[in-house]
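This report describes selected features of a predicted model. It takes up a pair of helices, a cavity, a sheet and a hairpin in turn.

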Amino acid sequence: MKDILEFLHQEGVKPELLEGVGAYRREHPAAAGGLSERIPAAEYLYYGKEVWEQALAVLLSGKNLLLAGPKATGKNVLADDLAALFGRPEWNVSFHVNMDASMLIGTDTYDGQKVVFRPGPVYLSACEGGFCILDEVNMAKNEALSVLHAALDHRRIIDVPGYDRILVHPAARFIGTMNYGYAGTRDLNEALSSRFAVLSMPPICESDLERLLSERFPDLKEAVRDQFVRLFLEINEKAKNAEITERALDLRGLIDAVGLIRTGIRAGDALSLCVVNKTFDAYERGLIRDVIDARIPADLGKEDAFS
Ligand SMILES: Nc1ncnc2c1ncn2[C@@H]1O[C@H](COP(=O)(O)OP(=O)(O)OP(=O)(O)O)[C@@H](O)[C@H]1O
Ligand SMILES: [Mg+2]
């Protein structure tokens, strides 16, 4: 945790926000016992000062945060970092179309002798003052989501017939993520979106991407790293100008490709596996391949890329 705070100081995040985090942590000391295992380790740091400042302001004011943006813009990395920074246990729920309220709140189960209530992730984070990550929250049907309304607005209660009525712990926060920008993504209904402050996640900027690659791959040669950065920016530019779709714009894929090169696979194959082949249109694949070939030789190997 100390590291994230230090990192945010260095990033130049407004001191009053970081003081706010300190005050929150004093008011809600980090969970002990088994719950401490739920505090994320924050394996990766999110880069992007403005996004950090907005997210902190929202959470410090007690509001719920919706991180909305294209794939691989660091939504889950940021959500985990926030739970780590605030020192709270985290519950992660992946939303899907067959989700129902009981998967969020809990269900009655038989323990062999009697029927007992088995609390769900929303219930637990509300009781324990946890951070509840509602991942891809737009994917669930509206009926399942309506159970969240009273928990997410000023009432801060969970009241479901047949269950206890509980108050949401003052330390608890809800962070939704929502992927948009390509076909097949659903909208979030207005009742729910009105209960969140919505942070629109930008694609990572050039200098932050340089830092990210250097951090993940300290032995990646600088000249090669720079070509990967350029490549990402170029694909980004082409997607923005609608010359290609956003399918190939996938930072996760780019990072994976660098990782594959380190395991001994040539750059051409690594980039096919992780970037090019994610596009299923042959013509577009050709365009992306051309962009890649202009920057990164297909036979670039581990020995050329890493020192
Ligand atoms: N601004 C950023 N700072 C740090 N890492 C980033 C950033 N943007 C993307 N990444 C990296 O991209 C990868 C994907 O991040 P993450 O899983 O958080 O994305 P996501 O937005 O949740 O994607 P999806 O919508 O596909 O679930 C991670 O390796 C993450 O570190
Ligand atoms: Mg995600």
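## Helix packing

A crossing of two helices is called left-handed if the near helix is turned anticlockwise from the far one by less than a right angle, and right-handed if it is turned clockwise. In this predicted model, H11 passes H12 in a right-handed crossing.

Two packed helices are described by the angle between their axes and the distance between the axes. For H11 and H12, the axes come within 11 Å and cross at roughly 155°. Because angles over 145 degrees count as roughly antiparallel, that crossing makes H11 roughly antiparallel to H12.

## The cavity and its lining

How many cavities of 30 Å³ or more does a search of the whole structure find? The search finds one, and the volume of the largest cavity is about 30 Å³.

The lining is made up of Phe-232, Ile-235, Ala-248, Leu-249, Asp-250, Leu-251, Leu-254 and Val-275. By residue class, the lining divides into seven nonpolar residues, no polar residue and one charged residue.

## The five-stranded sheet

Five strands form an open sheet in the order E2-E5-E8-E1-E9, and their pairing is parallel. The edges are taken by strand E2 (90–94) and strand E9 (196–200), each of which pairs on one side only. From one strand to the next, the twist averages 20°.

Within this sheet, strand E1, covering residues 64–69, runs parallel to strand E8, covering residues 173–179, and five bridges join the two. Gly-69 stands opposite Asn-179 in E8. As a general point about such elements, the side chains of a regular strand alternate between the two faces of the sheet.

## The hairpin

An antiparallel arrangement is found for strand E3 (residues 106–110) and strand E4 (residues 115–119), which are joined by five bridges. In this pairing, Gly-106 stands opposite Pro-119 in E4.

Which residue in the turn of the hairpin has a positive phi? E3 and E4 form a hairpin with four residues between them, and in the turn Gly-112 has a positive phi of about 105°.

Terms used. Residues numbered from 1 in each chain as written. Chains lettered and ligands numbered in written order. Predicted model: local features only at pLDDT ≥ 70, side-chain atom pairs only at ≥ 80, totals over all residues. Heavy atoms only, no water. 1 Å grid on protein atoms, 1.4 Å probe; cavity = no way out; pocket = protein on both sides within 12 Å on 5 of 7 lines; lining within 4 Å. Points joined across faces, edges and corners; volume = space filled by probe spheres on them. Nonpolar A, V, L, I, M, F, W, Y, C, P; charged D, E, K, R; others polar. Pairing = 2+ DSSP bridges. Axes fitted to C-alpha atoms, helices over the stretch in contact; angles between N-to-C directions. Parallel < 35°, antiparallel > 145°, perpendicular 65-115°, else oblique.
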